[in-house]
Amino acid sequence: MTALARGIGSRLGQAIGLLLAVVVVVFFLIQLAPGDAALYLAGDQGVGDAEFLARVRAEYGLDQPLLVQLGTYIGNVAQLNLGESTYFNEPVLGLIIERLFATVLLAGTSLIFAVGVGVAIGVYTARRPESPTSSAATVASLVGFSTPVFYSAIMFIVVFAAKWRLLPVGGIEDVRYDGNWVGETIDLLEHLILPALSLGIIYLAIYSRLARASMLEVLESDYIRTARAKGARERVVVYKHALRNAIIPVITAAGLQVGNLLSGALLVEVVFAWPGIGRLAVDSIFRRDSPTLLGIMIFSSAMVIVANLLTDLVYRIIDPRIRVGGSR
Amino acid sequence: MFLRNKAAVVGLVVFSLIVLVTIFGPGLYGISANKMVAKPFLGPGSELAPLLGTDYLGRDILAGIIGGGRATLFVAAVAAAMTMTIGIVVGSLAGYFGGWIDALLMRFTEIFQVMPGLLFSMVVIFLLGPGTRNETLAIGLTLWPLAARLARAEFLRLRELEYVKAARAIGCSDLRIMFRTILPNAMPPLLVSATLTVVIAILFHSGLAFLGMVDVNTISWGSMLGKNRGYTLTAWWMVFFPGIAIVITGLSISLVGDGLQDAFNPKLRGR
């Protein structure tokens, strides 16, 4: 077995352990809540005698010791059973899968936009650290970081959708284009612009700053001076030698922030009526649909874990110095 | 050093003003955020309207902004203090002792890092119910991993230094070395991180209020955004001004944090 395969194997093992731990934490969180499913059903059906409660508890296994319940719960999650929604009376996993595409599309577009434009701004300003553009970018980045994502989202709607009527106010599709493949795609992109922009701006603020700091540091390092000394052209020095190393902290940050990205997506989905997982989570709270809420919790944690694994892989491609199993 | 950074000084002054306004403003302004003062939907500058207009119930937007900062700033401050405390305790134990303690604590920290933060605090409030105490708890329990990692990195670095070894050689106890010898030297980056945490806590509490997850009887900037959102297409001012309040508060604290960073670490100035 090569070192790479072994390293990836151990990372996978860690990831599974981590997910298991999340399931345990979620399970004990449920135990913290006052009352249980039997009380909830009793309230729902208007029967409250002790016999009914005992029957329901026996039926759902709620009379078992906690550890046995935990075992059953982990077993179910391992078989991809996240329980059944008390509102839809459907398996939670199916509800999540239906909405997965919308959330991944939104979060993915924002992330690519933020990393791409952020690195471009970072490189541009790092080469002119004393210029007015550079200080303007720093201030803009601080403003972007302090602006709540739901606020910029609403303001975008006011300006671009309500005042200038350039883009749709919300939702993901228009019935107009039903059945027409090209029209549907353009329509989807039109609906995507404002949500992705509102979500991307915060991360643009963070990554442009990070890219700038990291680029400034790399440009001062010895190997860049060597590259210049041997007469490499400025373009080659900046884009080939420096950028490759300067981009690593940005990738690290992007990988670590997938959880925050999903949190932001939740707020954006609510503002734009975007039919994703985040909006389902918010709706589930108001429907007191705890199986769905907790299912989303576990599922999105799994998404973050997978994203971290992918970041790890991207690392290895960009920077061969990073060896598997080394300290992070 | 700090005082020479103009942006940071402006940030500090603005933030102090905001704190003064949230403490004394409601009493001085004299109009309750919950009171109907004029016709609903009056824009700023229209006849008989208060300075920043009225909302859909005819309440004074300016009164809401003056009164609405309290809940958010209080929860954010306490939650940030809680975050830093948990983070420093976990991080210092992990960094100082290393070995299996470090491995165990960092695995534990990772659990809280993979759960999307806003979702986690929503679940905590859903399970415990809204209210100042639970909201603070929900945010504090969510944000600590960042501080823990930072504290751990600092302790890992500092524990190898001469003066720490000297303290150990003269027989100081572990606790004394951790909190009297190392912690003061680890404070600069932790203080910068604390300012950042306050900003994030403000954004979190505003987000939760926006979603209607916090106590509905308390007016806050986030809840004004959430409740007035349905009228933005006709009445932009109901949402525009409370949002600006959040941005200015967050920005002023960020500027202070930036200034602190420059003051502590002159090498990085201007980055």
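**Helix α12 of chain A and its surroundings**

The axes of helix α8 (residues 181-219) of chain A and helix α12 (residues 258-272) of chain A come within 10 Å and cross at roughly 145°, where axes are lines fitted to C-alpha atoms, for helices over the stretch in contact, and angles run from 0 to 180 degrees between N-to-C directions. The model is predicted, so that local features need pLDDT of at least 70 and side-chain atom pairs count only at pLDDT 80 or more, while totals for chains, interfaces and linings use all residues. Residues are numbered from 1 along each chain as its sequence is written, chains are lettered from A and ligands numbered from 1 in the order in which they are written, and side-chain values use heavy atoms, with hydrogens and water left out.

Helices are DSSP runs (H or I, at least four residues), numbered from the N terminus. The crossing of α8(A) with α12(A) is right-handed, that is, the near helix is turned clockwise from the far one by less than a right angle. On the α8(A) side, the contact (heavy atoms within 4.5 Å) is made by A:Leu194, A:Pro195, A:Ser198, A:Leu199 and A:Tyr203, and on the α12(A) side by A:Asn260, A:Leu261, A:Gly264, A:Ala265, A:Val268 and A:Phe272. By class, this contact has eight nonpolar, three polar and no charged residues; Ala, Val, Leu, Ile, Met, Phe, Trp, Tyr, Cys and Pro count as nonpolar, Asp, Glu, Lys and Arg as charged, and the others, Gly among them, as polar.

α12(A) also gives the most to the lining of the largest cavity, with four residues. A cavity is a set of points on a 1 Å grid over the protein atoms alone where a 1.4 Å probe fits but cannot get out, and lining residues have an atom within 4 Å of a point. The whole structure has two cavities of 30 Å³ or more, and the largest holds about 100 Å³ of space, a volume being the space filled by probe spheres set on the points. Among the residues that line the largest cavity are A:Leu262, A:Ser263, A:Ala265 and A:Leu266, together with B:Pro116 and B:Leu119. Two or more lining residues come from each of α12, α13 (277-286) and α14 (290-318) of chain A. The lining of the largest cavity divides into eight nonpolar, four polar and no charged residues.

Finally, α12 of chain A is among the elements that cover the buried residues of α11(A). In helix α11 (residues 248-256) of chain A, the buried residues include A:Ile248, A:Val250 and A:Ile251, buried meaning under 20% relative accessible area (1.4 Å probe, protein chains only).

How values were computed. 1 Å grid on protein atoms, 1.4 Å probe; cavity = no way out; pocket = protein on both sides within 12 Å on 5 of 7 lines; lining within 4 Å. Buried < 20%, exposed > 50% of the residue type's maximum accessible area, 1.4 Å probe, protein only.
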